[in-house]
Amino acid sequence: MALTEGMDATGTGSGADDGALADIARHHGRMLERASALAEAILAAVEAGDPPLAHEEKDALVSWCEDELIPHFQAEEGSLYAGARATGEGRLLVEGLLLDHEAMAGHVEELRAAEGLRAAALAAAIARAFALHRAKEDALLYPLIAGSQELSLAEASRGLETLVGP
Ligand SMILES: [Fe+2]
Ligand SMILES: [Fe+2]
């Protein structure tokens, strides 16, 4: 079955779903910028030979993951992932995306106890894993939901700041 089956003449779903698609992609972009900047700050402090600063920057990334990244995963794993998982085209895609969430959450747990170079490496892994993951969601998952006749991206994401931003 083609990924685009069920899409309307615009190639996606309703206008509201198109708006939600853009909002989610924009929010993903802001999240990636923040994760990358925080990871880069840890590496810069390590390279500068400043362990207290590297520790402070590591704490900042852990806090961001607790406040933004993990709640974002939890919000997605509600009706959005469930809706897509119930479709023939979405089932395996969602299974794969859930494995990404699990892997990134594992990196965050490891990061809590890590310092120095190890913390910088884990931080880079989190930021790069998120870059690949959001690319799959923006290119595959959310267009699938927006193009579906049965699912509504706008309804499933409405009011969820952690998905669409403020
Ligand atoms: Fe996700
Ligand atoms: Fe996401």
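## Arg112

Arg112 is partly exposed, because 13 other C-beta atoms lie within 10 Å. A residue counts as buried at 20 or more such atoms and as exposed at 12 or fewer. This is a predicted model.

Arg112 sits in helix α4. Its C-alpha atom is separated by 10.0 Å from that of Leu122. Along the chain, Arg112 and Leu122 are 10 residues apart.

## How α2 meets α4

Helix α2 covers residues 51–76, and helix α4 covers residues 91–113. They pack at an angle of about 155°. Their axes are 10 Å apart. Angles over 145 degrees count as roughly antiparallel. The two helices, α2 and α4, are therefore roughly antiparallel to each other. The crossing of α2 past α4 is left-handed.

Which residues make the contact? From α2 come Lys58, Leu61, Val62, Cys65, Ile70 and Phe73. From α4 come His101, Ala105, Val108, Leu111 and Arg112. Eight residues of this contact are nonpolar, one is polar and two are charged.

## The nonpolar cores

The largest nonpolar core has 21 residues. Ala35, Ala39, Ile42, Leu61, Ala119, Ala123 and Ile126 touch the most other members. Four helices each supply at least two residues of this core: α1 (15–47), α2, α4 and α5 (116–147). Leu61 also belongs to the contact of α2 with α4.

Take Ala35 as an example. Leaving aside residues up to four places away in sequence, Ala35 touches Ile126, Ala127 and Phe130.

There is also a second, separate core of 18 residues. Among them are Ile24, Tyr142, Ala146 and Leu153.

Key
Residues are numbered from 1 along each chain as its sequence is written. Chains are lettered from A and ligands numbered from 1 in the order in which they are written. This is a predicted model: local features need pLDDT of at least 70, side-chain atom pairs count only at pLDDT 80 or more; totals for chains, interfaces and linings use all residues. Axes are lines fitted to C-alpha atoms, for helices over the stretch in contact, and angles run from 0 to 180 degrees between N-to-C directions. Angles under 35 degrees count as roughly parallel, over 145 as roughly antiparallel, 65 to 115 as roughly perpendicular and the rest as oblique. A crossing is left-handed if the near helix is turned anticlockwise from the far one by less than a right angle, and right-handed if clockwise. Two residues are in contact if their C-beta atoms, placed from the backbone, lie within 7 Å. Ala, Val, Leu, Ile, Met, Phe, Trp, Tyr, Cys and Pro count as nonpolar, Asp, Glu, Lys and Arg as charged, and the others, Gly among them, as polar. A nonpolar core is a set of buried Ala, Val, Leu, Ile, Met, Phe, Trp, Tyr and Cys residues joined through C-beta atoms within 7 Å.
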